[in-house]
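Biologist: I would like to learn how to read a protein model. Could you take me through it step by step?

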Amino acid sequence: MRKIRYNLLEDDSSVKDVIELVVSQGPKDEPVHILDLDDVVAKHQNWRRKLPRVDPFYAVKCNDDPAIVQTLIALGAGFDCASKAEIELVLQRGGDPSRIIYAHTAKSIDSLVYAKACGINLMTFDGEIELDKINQVHPEASLVLRIRYDSANAQVSLGKKFGCDPEHEAPQLLRYAKSLGLSVVGISFHVGSGNSDHECFYGAIKAAKKLFDYAQSLGFDLRLLDIGGGYPGDHDKPIDPYATTINGALQRFFP
């Protein structure tokens, strides 16, 4: 495990000051990665304040620097892991397996075996083949059905790779999971990366509510709504309009 070195800066210092200090010390044999962990903490606090009902799970693929992972563990955040390597990183840094969702809908048999051995039970699916694999390797898992709900204004439309059609495929998959005796505990979606349309979350949450009701009619006890990513992170792009829309939709459909 790579050792992390931290430097505590004065309040009036900036990232630019640190960069200038590193440059002044001369050439380095290895790349230098400078992180402002205060910014990570501030954004986590801002999220908890403005979206009190939404428990943040950090998508490790965004930036897998161990310092960020370790900071978020200390803050009590959960983790969205899309690979065995990402799971290993979180666990190596002291993460709790119960605070990890294995959020890839096409997992290898080897990674499913590893997840089970590590006590990771929460994972996503969007097709019958994935359900068959889970039933074979980890039938005790708690499953989250990922549906497709793309924002027209997203820079990257993830629905081209992940998520099933909520109107036709999703009910069929819920029935199939029921026939296998598997436990479906939630619905997830991702409106797309770089999304600039906060209103799309209202429609996505509404679509998820319909599937909650249908799953309940099948005898499932759904208790998790995973609203994915697609939020702004830059300082000049506040999360406020997204929070207003999401909070309103949750109050309307999941009071």
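Modeller: We will go through salt bridges, helix packing, a surface patch and a loop residue.

Modeller: This is a predicted model, so local features need pLDDT of at least 70 and side-chain atom pairs count only at pLDDT 80 or more, while totals for chains, interfaces and linings use all residues. Residues are numbered from 1 along each chain as its sequence is written, and side-chain values use heavy atoms, with hydrogens and water left out.

Biologist: How many salt bridges are there by the rule?

Modeller: The rule asks for a side-chain nitrogen of Lys or Arg within 4 Å of a carboxyl oxygen of Asp or Glu. The count here comes to 12 salt bridges.

Biologist: Which residue forms a salt bridge with Lys133?

Modeller: Glu130 does, and the closest N and O atoms are 2.9 Å apart. Both residues sit in helix H6, three residues apart, which separates them by about one helical turn. Helices here are DSSP runs of H or I with at least four residues, strands are runs of E with at least two, and both are numbered from the N terminus.

Biologist: Is Glu130 buried or exposed?

Modeller: Buried means under 20% relative accessible area, exposed means over 50%, and partly exposed is in between, using a 1.4 Å probe and protein chains only. Glu130 has 4% relative accessibility, so this residue counts as buried. Lys133, at 19%, counts as buried too.

Biologist: What about the pair Asp39 and Lys43?

Modeller: Their side chains meet in a salt bridge, at 3.0 Å from N to O. They are four residues apart in helix H2 (residues 37-50), so about one helical turn separates them. Asp39 is buried, with a relative accessible area of 18%, whereas Lys43 is partly exposed at 38%.

Biologist: Which residue does Arg148 meet in a salt bridge?

Modeller: Its partner is Asp150, at 2.5 Å from N to O. Arg148 is partly exposed at 37% relative accessibility, and Asp150 is partly exposed with 26%. Elsewhere, salt bridges that share partners join Arg48, Asp55 and Arg99 into one network.

Biologist: Now the helices: at what angle do H6 and H7 cross?

Modeller: Each axis is a line fitted to C-alpha atoms over the stretch in contact, and angles run from 0 to 180 degrees between N-to-C directions. The axes of H6 (residues 128-137) and H7 (residues 169-180) come within 10 Å and cross at roughly 20°. Angles under 35 degrees count as roughly parallel, over 145 as roughly antiparallel, 65 to 115 as roughly perpendicular and the rest as oblique. H6 and H7 are therefore roughly parallel.

Biologist: And what handedness does the crossing of H6 and H7 have?

Modeller: A crossing is right-handed if the near helix is turned clockwise from the far one by less than a right angle, and left-handed if anticlockwise. The crossing of H6 and H7 is right-handed.

Biologist: At what angle do H8 and H9 pack?

Modeller: H8 (residues 200-218) and H9 (residues 240-253) pack at about 25°, with axes 9 Å apart. That makes H8 roughly parallel to H9, and their crossing is right-handed.

Biologist: Where is Ser83?

Modeller: Ser83 is in the loop between strand E2 (78-81) and helix H4 (84-92), and is partly exposed at 25%. Ser83 and Ser108 are 25 residues apart in sequence, with their C-alpha atoms 9.3 Å apart in space.
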